[in-house]
Amino acid sequence: MSKRVYISADYSDDSGDRSVVNLLNQWGTDNQHKVDFVDMAKVVSGSIAKNPDCRPCDLKIEFNQQINASSTVIFVVGDKTASRKAGSNCLRLANERINCSCTPYKQNANGFKTCKVFQIFSYESSDDVGNINTYSYLRHEFEQAKKRKKSIIIVYNSLRKESKWLPFYMKNYAAVAEPFWIINNFGQKVGNYSYIKGVLGYV
């Protein structure tokens, strides 16, 4: 039976971590590897991201829904992860709507639009992290996974343990974060399939 796994990573074209995500998805879907999972973070048909007026707060609601439907969340940490701020520019939490603006998803060239959130609700007693916040997308995903008590796996896009790459909000997980890449017996750089298989519960 397929596991529902959410993969959080930096997808930036410059120094992003797509190579790790692509290999994880290859392992999860091909017939050559024992792990069998569906990447819940992939944009699916009907995703809010396809709405021309999609805002960061809309995306965060969708992240919550996808993480909630997952059993495990894999966080890929690269050398730029800690500095990524996308999604963190919302000012609505402390300001009136008319004084806030943001850029619809992937539409920076079109400029800012006035905030469309008329009323803010209290999320203190909610099971989810509120979508109106100043978290980056990456931090929002992490905080949601923690709040929902999901199984969390952290891998470095590296051959070594790179504790200095961890964002401050992941520091308590330094002891369990592992390199994704290893050198095999042929001197080739390959993904550590045995490790991923083990932490996902496949024997």
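Residues are numbered from 1 along each chain as its sequence is written, and side-chain values use heavy atoms, with hydrogens and water left out. In this predicted model local features need pLDDT of at least 70 and side-chain atom pairs count only at pLDDT 80 or more, whereas totals for chains, interfaces and linings use all residues.

Aromatic pairs were assigned to rings of Phe, Tyr and Trp (its six-membered ring) with centres within 6.5 Å; planes under 30 degrees apart count as stacked, over 60 as edge-to-face and the rest as tilted. The count by this rule is eight aromatic pairs. Phe-63 and Tyr-137 form an edge-to-face pair, because their ring centres are 5.7 Å apart and their planes stand at 90 degrees. Phe-63 belongs to helix α2 and Tyr-137 to helix α3, so the pair ties together parts 74 residues apart in sequence; helices are DSSP runs of H or I with at least four residues, strands are runs of E with at least two, and both are numbered from the N terminus. Phe-63 is buried, at 13% relative accessibility, as is Tyr-137, at 16% (buried means under 20% relative accessible area, exposed over 50%, partly exposed in between, with a 1.4 Å probe and protein chains only).

The rings of Phe-75 and Phe-142 are also edge-to-face, with centres 5.1 Å apart and planes at 70 degrees. This pair joins strand β3 to helix α3, across 67 residues in sequence. Phe-75 is buried at 1% and Phe-142 at 0% relative accessibility.
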